[in-house]
Amino acid sequence: MASALIVGLLVTALSSCDGGGKPTAGGQGATVVVNADVYTLDREQPWVEAFAYDADGRITAVGAESDVRAKAGSGAKVIDARANMVLPGFQDTHLHVPEAGVNRDLCFMESGSTLAEYEDMAADCAAEQPESTWVRAAGPSIFDLLDADESPIDVLDRAIPDRPALILDDLGHAVWTNSLGLEAAGIGPDDPDPQGGIYGRDPESGRLNGLLLENAQQRIRNAAAPDDAAVYEGLRVALDELAENGITSVSDAGGFWGQNHPAAWQRALKEGELSVRAVNSLYLYPDMDMDKQLAEFERRFSDDPNSLLRFNTAKIYVDGILDLGTAWMLSPYKKPVNPQYPSGFPYFEGDQLREYVSELHRIGYRMHFHVIGDAATREALDAVEAIDASQGEVSDRRHRTTHTYLVHPDDTKRFAGLGVIADFQAGPEAIDPAYHEQISESIGDRAFDLIPTAKLLDAGARVSLSSDWDADPLSPFGTIERAVTRESNAVDSVETAIGLATIDAAHALGQDDTTGSIEVGKQADYVIVDQNLLEVPVDRVDQTKVLLTVLAGDSTYQAAGFGR
């Protein structure tokens, strides 16, 4: 967690001292970073030798080492970067922080198993959690469960007969539960599908089969939610990993206030454990009463730029995912996963999304739209376009789409025109040509234009790169390398990709006036790494190691041995 000051092995005094050991000249509280290749992300001076910041973590000088030392004063402390690269801290605009920590304690079940193997693994998971009210696990493929001869709920009832079970699938968009789980969540045999979700049923009998897709998961996730102490501990674990990866700002994209996740962040802030700037989301439940939910969002809204924690973003699922056939498409799937939904489906009905977006914009929220299908992308752009406000005000709010797998050519230029930011993840599977071939069997040639990062950049759109951790790897270096080396829609250079994960991500979060680059007046959020990302071969970028991570002048991570 964050230390109070960068002290100890890395810091030496520049000044001479009097007999009492006190600095004889100014600069008390100032720090200078020297012996560095500083990549500032400031276009006016992209490379400098050194920079300094004051006791409040505000950058006061950037430039040649001699000039910076002089401005910092003789009493300044020194951080020797050891001729390593220094750059702004990375900003991850889409990841799931408390969940990533909590999920580490889930019992893992291997995907690609038979139903009998899943039954054995579920029973083992139950045995490993004897004191838990719920049995919690993750990993099965929903397709393994659907393709079996026996109903999944019967198998799980046998394996776990005495407690409710919550088993997350390997895609993050479905849950497998038993009869006690359905009962605990208040889901009855005759309940209709919730808006934006599907209660899985036997095709012949119509009986619930224990598989809950998309928004149908939320009632059982809420019922099975870990207690506040477990969520807080998960958050603390995840914060340590963020710091180790050089990440200084995030936007948590879970925002499950129905599971009381915001309380963990608030506790971390209160107890001085929050080691990132968190510009967080709140999840918009599509099947909740609109007036009640808007009142909750208004109550929870916070946007103090001087605080490390803000809740100023609405996480809005517009659709699901391609693999389950729940991504909303402009034209039907060649092979629909669910014949009831030949083009997938939206989470929101009619004008409901536009009404929500307009009201949330009025309150002050920026939108964070989950969009996968091209129909979902268009619907999100339409909802932003329908906001009753000036174009300048709408653009300044910096609404964004995330994932952004498919964009119809007619909508490409609309991003720049509306000021909507396209957020992308270059996850290993999503950019794999083998995956594109596989998904083309379902959606045709559209599969070969997934995640059109280059096209949106060429069209003048603002773009950011994020991780979607823990669904995909966290490392920003892996994200940068994959974004540049992918076979299609690759970013043109490592330099551009770094920008998309720092200053452009800061823009998306509405804080590029204070973070995202190393410039006078901004906060000292930076990272020291063990190789120059712009000089090493691109296929070695993901091997980069963080040596030091600093947030507002305070160290949040120091690699073993660095500074010794």
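## The largest cavity

The lining of the largest cavity consists of Phe90, Gln91, Asp92, Ile247, Leu465, Ser466, Ser467, Leu474, Pro476, Thr479 and Ala501. A cavity is a set of points on a 1 Å grid over the protein atoms alone where a 1.4 Å probe fits but cannot get out, and lining residues have an atom within 4 Å of a point. The model is predicted, with local features requiring pLDDT of at least 70 and side-chain atom pairs counted only at pLDDT 80 or more, while totals for chains, interfaces and linings use all residues. Residues are numbered from 1 along each chain as its sequence is written, and side-chain values use heavy atoms, without hydrogens and water.

The volume of the largest cavity is about 80 Å³, a volume being the space filled by probe spheres set on grid points joined across faces, edges and corners. Three cavities of 30 Å³ or more are found in the whole structure. At least two lining residues of the largest cavity come from each of β7 (90–95), β20 (463–466) and α17 (476–485), and β7 contributes the most, with three. By class, the lining holds six nonpolar, four polar and one charged residue; Ala, Val, Leu, Ile, Met, Phe, Trp, Tyr, Cys and Pro count as nonpolar, Asp, Glu, Lys and Arg as charged, and the others, Gly among them, as polar.

Strand β2 covers residues 31–39, and seven of its nine residues are buried, that is, under 20% relative accessible area with a 1.4 Å probe and protein chains only. Strands are DSSP runs of E of at least two residues, and helices runs of H or I of at least four, numbered from the N terminus. Two strands pair if DSSP finds at least two bridges between them. The pairings of β2 are as follows.

| Partner of β2 | Sense | Bridges | Residue pair |
|---|---|---|---|
| β3 (residues 47–48) | antiparallel | two | Tyr39 opposite Trp47 |
| β4 (residues 50–53) | antiparallel | three | Val32 with Ala52 |
| β6 (residues 77–88) | parallel | seven | Asp37 with Met85 |

## Overall fold

The protein has 19 helices and 23 strands. Along the principal axes, the C-alpha atoms fill a box of roughly 85 × 55 × 45 Å. Buried residues account for 59% of the 564 residues.

Technical notes: Buried means under 20% relative accessible area, exposed over 50%, partly exposed in between (1.4 Å probe, protein chains only). On a 1 Å grid over the protein atoms alone, a cavity is a set of points where a 1.4 Å probe fits but cannot get out, and a pocket is an open set with protein on both sides within 12 Å along at least five of seven lines; lining residues have an atom within 4 Å of a point.
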